[in-house]
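Let's take a friendly walk through this model, one topic at a time. Here it is.

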Amino acid sequence: MKKKIDIIENKVKNNERITTDDAIFLYENVPLGKLGSLANFIKNKINGKEVYFNRNIHIEPTNVCLYRCKFCSFSKDENDSLAWNYTHDDIISIVKSHIKDKITEIHITGGVYPNRDITWFTELFVKIKEIFPQIHIKAFTAIELQYLFRISNISLEVGLKKLIEAGLNSLAGGGAEIFDNEIRMKLCPEKGPAEIWLNIHETAHNLGLSSNATMLYGHIENYQHRVMHINELRNLQDKTNGFNAFIPLKFRKQNNFLSYLPEISIIEDLRNFAVARIFLDNIKHIKAYWPMFGKENARLALHFGADDFDGTIYETTKIYSLAGSEEQTPVMSPNEINEIIEQEGFVPVERNSLYEKCL
Ligand code: V47
Ligand code: SF4
């Protein structure tokens with residue numbers, strides 16, 4: 001056992017790629033402290049002492065969704081009293097209200113909604129860019145795009161090109177869940193096989209549109225499934241180099257069909273951050289998405305491979321507050337984020353969506 005840890009450590013220290021078997025070994029056998037020190041070694045090599053964040057808002061145009069993923073606490077029927085559905089005017093006034101906050105990014109994702117075709121989105125992006133030409137629009141999970149292009153009767157390539165022309169700057173990382181198709185069918189059958197998600201991101205990358213990648217963990221998957229997932233991402237990144245960041249997303253249990261499952265511990269979260277950092281040698285940034293598991297846990301993740309704190313999220317997201325996260329109204333000021341990063345011994349760097357430093 002000791003020998004195997006030493007072999008993996010040697011690979012890490014000598015810039016050699018670890019194998020999927022090594023990653024499973026790390027998950028199964030290696031103590032948290034050792035995982036942290038290996039993850040830190042790599043983080044330090046890639047990002048030094050810097051920890052990134054941005055000034056952003058999230059807009060969820062609707063929580064009405066045709067799908068019913070088992071882990072989702074967000075989706076509602078159209079006539080549900082808790083459903084919302086923003087118009088262009090609603091969204092534009094939200095955007096205008098945050099000009100004063102000097103935001104650099106708008107993250108737009110929502111339910112799979114039947115009554116909006118691609119024109120609804122291209123017109124929205126054009127309106128946003130009219131008021132805010134420099135803003136970076138990060139939008140859509142691959143799952144939303146798949147449905148949008150189907151109802152708009154348009155191919156993936158043509159659809160992406162139209163969205164890019166209207167102002168789309170990158171894709172969000174959601175909808176990846178877990179790529180193992182057996183688990184995927186149990187969790188979110190309507191989303192279809194993993195190949196669809198991977199193909200949409202690969203096509204986007206080939207058109208010059210970068211994206212993020214997520215993994216939903218801590219539900220009914222096992223370590224093999226997680227490693228297979230990050231391996232698919234590493235393989236695709238080798239081909240396209242289009243992923244900006246990897247975001248581990250911890251399953252939160254409130255108000256969904258999987259509420260009977262226990263949530264995993266923070267120790268397991270940190271182990272997962274560390275293994276992802278060690279394995280994904282070709283994805284530069286690992287995001288500690290604080291609305292998902294709280295700012296105090298995100299702070300700890302900075303010592304286990306994470307180098308990005310996401311952002312201020314002035315206009316909050318409801319995906320995680322509805323699922324029982326510690327953060328019920330997730331908003332942070334740049335000062336508060338700076339302070340946390342500094343308290344942990346790192347150097348805060350305000351970035352744009354492509355990880356260029358904001359001066
Ligand atoms: O795909 C939904 C996850 C994702 C739950 O790209 C849940 O920068 C845990 O992808 N417990 C959407 N996870 C959010 C997302 C995201 C968030 C922040 C930044 C970025 C980015 C992307 O949220 C879904 C799903 O994997 N999710 N419900 C839940 N109960
Ligand atoms: Fe709909 Fe997304 Fe929730 Fe699935 S995770 S039910 S696609 S909102």
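## Around phenylalanine 246

Setting aside neighbours within four places in sequence, phenylalanine 246 is in contact (heavy atoms within 4.5 Å) with Ala213, Thr214, Met215, Ile230, Leu233, Ala276, Leu280, Ile283, His285, Ile286 and Lys287. Phe246 and Phe125 touch the most other members of the largest nonpolar core, which has 105 residues. Such a core is a set of buried Ala, Val, Leu, Ile, Met, Phe, Trp, Tyr and Cys residues joined through side-chain atoms within 4.5 Å. Helix α11 (residues 266-279) gives the most to this core, with seven residues. A second, separate core has five residues, among them Cys65, Tyr67, Ile143 and Tyr147.

## How to read the model

This is a predicted model, in which local features need pLDDT of at least 70 and side-chain atom pairs count only at pLDDT 80 or more, while totals for chains, interfaces and linings use all residues. Residues are numbered from 1 along each chain as its sequence is written, chains are lettered from A and ligands numbered from 1 in the order in which they are written, and side-chain values use heavy atoms, with hydrogens and water left out.

## Two packed helices

Helix α1 (residues 2-13) packs with helix α2 (residues 20-29) at an angle of about 120 degrees, and their axes are 11 Å apart. That makes α1 oblique to α2, since angles under 35 degrees count as roughly parallel, over 145 as roughly antiparallel, 65 to 115 as roughly perpendicular and the rest as oblique. Helices here are DSSP runs (H or I, at least four residues), and strands are runs of E (at least two).

On the α1 side, the contact is made by Lys4, Ile5, Ile8 and Lys11, and on the α2 side by Asp22, Phe25 and Leu26. These residues divide into four nonpolar, no polar and three charged.

## At 5% relative accessibility, histidine 58 counts as buried, a class for values under 20% relative accessible area, with exposed over 50% and partly exposed in between (1.4 Å probe, protein chains only). Not counting residues up to four places away in sequence, histidine 58 touches His107, Tyr289, Asp310, Ile313, Glu315, Thr316 and Thr317. From C-alpha to C-alpha, histidine 58 and asparagine 199 are 25 Å apart in space, and they are 141 residues apart in sequence.

Is asparagine 297 buried or exposed? With a relative accessible area of 19%, asparagine 297 is buried. Asparagine 297 is found in helix α13 (residues 295-301). Leaving aside neighbours within four places in sequence, asparagine 297 is in contact with Ile266 and Glu326.

Note on methods:
Axes fitted to C-alpha atoms, helices over the stretch in contact; angles between N-to-C directions. Nonpolar A, V, L, I, M, F, W, Y, C, P; charged D, E, K, R; others polar.
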